[in-house]
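Subject: Structure handover

Hello,

The structure we discussed is below. My notes on what turned up follow it.

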Amino acid sequence: MNVLVCVKRVPLTGGKIVLTEDERAISTRHLGFTVSPHEECGAEEAVRLVEALGGSSVVLTLGPPEAEEQLRDMMAIGVDRGIHLLTDGSEWDPQATAAAIVSAVRGEPDAFDLILFGNESADAGNYQVAIRVARFLGLPCVTGVKAISVEGSDVRCEQEVAGGRDVYVVPMPAVVTVKEGLNLPRYPSVPGRLRAKRKPVAAVTPERSPSRLEMVRLVLPPGSGKQVEVLGNGPEAAPAVVGVLEGLGLV
Amino acid sequence: MALVFVEGVDDELSLQAVAFARGIDDDVQLVSFGEAVYAPAGWARAIVQEIEQGTPSIVLAPGSDRGNEVMAHVSAILDRPFAANCTSLTIGEPASVTRVRWGGSLLEEALVHGSPLVATVAPHAVAAASDAIDARTLTAPEDSVAVRERVATVSAGVSLADADVVVSGGRGVGSAEGFAVIEELAELLGGAVGCSRAVTSAGWRPHTDQVGQTGTKISPEIYIACGISGATQHMAGCKGAKKLLAINPDAEASIFASADYAVIGDLHQVVPAISAEIRKARGT
């Protein structure tokens, strides 16, 4: 069972987003980085599948040299090796991203049985790279998956919908996009972190096709304009809180 | 002509997409798949056939899971760009769009090259169409990826997404056991218990309780957030709440910038005091 998981380096935004001067990115001077939450579950799933069924797991990212940090993070929880599609740090649109991933996948000596993505990236939220990759490779694609089980040469996927779960069974190789809640990702151990430092990362600089979804600038949405009413400090505020709840007909 | 894929003639997000399309083009044509079993790539192929016959200038769908999935397939088949979750757009060559990023914490202005423009409408970008709509039912070709069965989930109590009152705890709760006071207040108010991502990552609560960009989006009458700092990841899930009461010991916590009511204090003291006060008021 060979599993590929694709991840994206994104800033840990905290409470308030500040833009860079050119308004084309989030100012990250005071921020750390992570992978999108859905993708962290994808990496955990890749590791669990290989632990249960044998084979190997690979993590791929398209991003600046610093994104090696995210590859090492995923290898620290057990992914075997990394593929780094190097960029200058500017944003690639979904079509260019998908094309670069497809050519990396085609260049691999062994085919992947399963290619995992997050359902959407935390930052851009374009909802399409996995579907484009699946189309290029001629593979079936199931999205928004919260449970995966391998049944012989098929993969069974459960997708959360209002009132229940929709079940898909598709033949492998397949592309599956996952959502947080699929599993609870483990924390990397210290030995895991040390092992990750020695795991191989293949870095290549892919050719970039022109952007057809071309970001012009980012805009902070207008604030809530709300004026907060301080009801009090500590437990003494309880009667004022109950006053508010009474106003809503709850008490 | 604007071609709109609707999930159903009474689906709220689909009705929003219809209203959005009418703001762009006088000629709006609706297509759906009726009661057919969901098959994203198959449905997309049927829509692509419509596009090839009708030559619309724009192809729209609601910014729902299925709307985004089907439009992504449509754009992949046509080898066109796809702008997901737009709040406004102007057709042209290139088209210009404003679209949602970071679950609504940030907007992006972008140019989209190539016609027709394939896009989805961000939830609540516009009010839903109020008249009865009529959609032509398409038949999709067979595809190997289709829903095999639906497993119904039986949930006890009020569902987080539909609850009128949600009481949530964050990192400030400190432990799984610490949620007892949150559960008590939620029960007194007939509401649901929620939590932040920090809590689910720590394993204190199941992911089904998470309110946030990668959790559940809620829209209660009042949201009571206890020991939650207000990271953008969390706020993306609760911005639909009509009122927000935040309880936090740090007067500088960013959640207070979005709150209607604030209590500065430790939830472990404040929340039980509120529960006691409710019982007193009810005489129980």
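Predicted model: local features only at pLDDT ≥ 70, side-chain atom pairs only at ≥ 80, totals over all residues.

Where they touch, domain 1 of chain B contributes four residues and domain 2 of chain B contributes five residues. The domain 1 side of that contact in chain B has one nonpolar residue, three polar and no charged.

Now chain B as a whole. Chain B carries seven helices and 14 strands. Chain B has 284 residues, and 56% of them count as buried. Take the contacts in chain B with a separation of 6 or more: 65% are between residues 24 or more positions apart.

Next, the interface. Chain A puts 65 residues into the contact, and chain B puts in 70 residues. Several elements of chain A each supply at least two residues to the side that touches chain B, among them α1 (37-53), β7 (141-151), β13 (229-233) and α6 (238-247). By class, that side of chain A has 34 nonpolar, 17 polar and 14 charged residues.

One strand pairing crosses between the chains. β13(A) pairs with strand β14 (residues 261-264) of chain B, in the parallel sense, over four bridges. Which residue is the bridge partner of Asn233(A) in β14(B)? That is Ile264(B).

Best regards

Technical notes
Residues numbered from 1 in each chain as written. Chains lettered and ligands numbered in written order. Contact = placed C-beta atoms within 7 Å. Nonpolar A, V, L, I, M, F, W, Y, C, P; charged D, E, K, R; others polar. Buried ≥ 20, exposed ≤ 12 C-beta atoms within 10 Å, placed from the backbone. Pairing = 2+ DSSP bridges.
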